[in-house]
Amino acid sequence: MAAISAACFWHWVNGLPTGLVALIVSLQPVLTSTVANRLLGERVAPLQWSGLALGVLGVYLVVHDKLTSGGTAWPAWPAITVALLGITAGTLYQKRFGAGIDWRAQFLIQYVAAGLLFGLIALMLETRTVTWNLTFVFALAWMVFVMSFAAVWLFYFLIKRIATTRLTSLLYLMPPVTAVMGWTLFDERLAPLALAGMALCVVGVFLVNRA
């Protein structure tokens with residue numbers, strides 16, 4: 001989780017289009033399902049594979065207008081690739097070995113390790129200059145309490161109870177929800193193609209979780 005959040009911030013700095021990042025990350029359910037089918041013995045039904053494919057297509061339609069951008073610095077590509085592989089490996093490892101561990105111990109280990117790693121990277125690559133304002137405080141609080149605590153706790157809660165394919169398929173709902181939030185908060189345009197993509201994402205998640 002920490003890897004994918006850091007990679008998203010890194011791609012903003014280095015110019016990788018937001019839509020392309022969303023499309024790359026949307027491959028995670030397919031990648032996770034493929035590996036889980038082989039290593040964890042989780043059976044993925046043909047209907048679920050169809051749902052996964054629809055989800056990828058839906059994400060593509062949602063982010064289609066955001067796939068082009070200016071120059072992209074090369075570090076953005078390995079960063080988002082590592083994020084994709086990292087969240088996939090982390091999900092599978094958590095399902096296989098960590099489902100029975102107390103979530104408080106998991107939080108402590110994960111965030112101490114992530115804090116040390118990314119703190120070292122920040123010391124080497126960042127200016128360490130912080131402009132304190134209300135917007136920054138709100139964004140920081142959102143990342144800490146909503147993304148790093150609530151969302152990750154919910155992830156741990158669900159991974160104990162449902163198959164990894166069903167869990168990761170929920171990621172297909174992120175681009176549609178983000179698009180709706182952008183339309184609501186920032187008056188961003190919702191093209192008919194994006195609306196069709198949202199519908200496909202919902203159908204895809206339904207097919208994966210229908211069982």
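Q: Before we look at any helix pair, when is a crossing left-handed and when is it right-handed?
A: A crossing is left-handed if the near helix is turned anticlockwise from the far one by less than a right angle, and right-handed if the turn is clockwise. Please keep in mind that this is a predicted model.

Q: Okay, so which hand does the crossing of H4 and H9 have?
A: The crossing of H4 and H9 is left-handed. The axes of H4 and helix H9, which covers residues 174-186, come within 9 Å and cross at roughly 25 degrees.

Q: And how are H4 and H9 oriented to each other?
A: Angles under 35 degrees count as roughly parallel, and H4 and H9 are therefore roughly parallel to each other.

Q: Which residues meet there?
A: From H4 come Val59, Val62 and Val63, and in H9 they meet Pro175, Pro176 and Ala179. By class, the residues of this contact of H4 with H9 are 6 nonpolar, with no polar and no charged ones.

Q: Let's step back to the whole chain: how many helices and strands are there?
A: The chain has 10 helices and 0 strands, so that the pattern read along the sequence is α-α-α-α-α-α-α-α-α-α. Of its 211 residues, 33% count as buried.

Q: What's in the largest nonpolar core?
A: The largest nonpolar core has 12 residues, among them Leu23, Leu52, Val56, Tyr172, Met198 and Cys201. Val59, Val62, Val63 and Ala179 also belong to this core, and these four take part in the contact of H4 with H9 as well.

Q: Which elements give two or more residues to this core?
A: Those elements are helix H4 (46-63) and helix H10 (192-209), and H4 gives the most, with 5 residues. There is also a second, separate core of 7 residues, which includes Val152, Tyr156, Ile159 and Leu167.

Q: Switching to H6 and H7, how do they pack?
A: H6 and helix H7 (residues 134-159) pack at an angle of about 125 degrees, with their axes 11 Å apart. H6 and H7 are therefore oblique to each other, and their crossing is right-handed.

Q: Who makes that contact?
A: H6 contributes Trp103, Gln106, Phe107, Gln110 and Tyr111, while H7 contributes Ser148, Phe149, Val152, Trp153 and Tyr156. The contact of H6 with H7 divides by class into 7 nonpolar, 3 polar and no charged residues.

Q: Does Gln106 count as buried or exposed?
A: Gln106, which is found in helix H6 (residues 103-125), has 8% relative accessibility and counts as buried, because buried means under 20% relative accessible area. Leaving aside residues up to four places away in sequence, Gln106 touches Gln94, Gly98, Ile101 and Tyr156; Tyr156 is also one of the residues of the second core.

Q: One more: where does Ala36 lie, and what does Ala36 touch?
A: Ala36 lies in helix H3, residues 28-39, and is buried, with a relative accessible area of 0%. Not counting residues up to four places away in sequence, Ala36 touches Gly41, Glu42, Leu92 and Thr164.

Note on methods. Residues numbered from 1 in each chain as written. Predicted model: local features only at pLDDT ≥ 70, side-chain atom pairs only at ≥ 80, totals over all residues. Heavy atoms only, no water. Core = buried A, V, L, I, M, F, W, Y, C linked by side-chain atoms within 4.5 Å. Buried < 20%, exposed > 50% of the residue type's maximum accessible area, 1.4 Å probe, protein only. Axes fitted to C-alpha atoms, helices over the stretch in contact; angles between N-to-C directions. Parallel < 35°, antiparallel > 145°, perpendicular 65-115°, else oblique. Contact = heavy atoms within 4.5 Å. Nonpolar A, V, L, I, M, F, W, Y, C, P; charged D, E, K, R; others polar.
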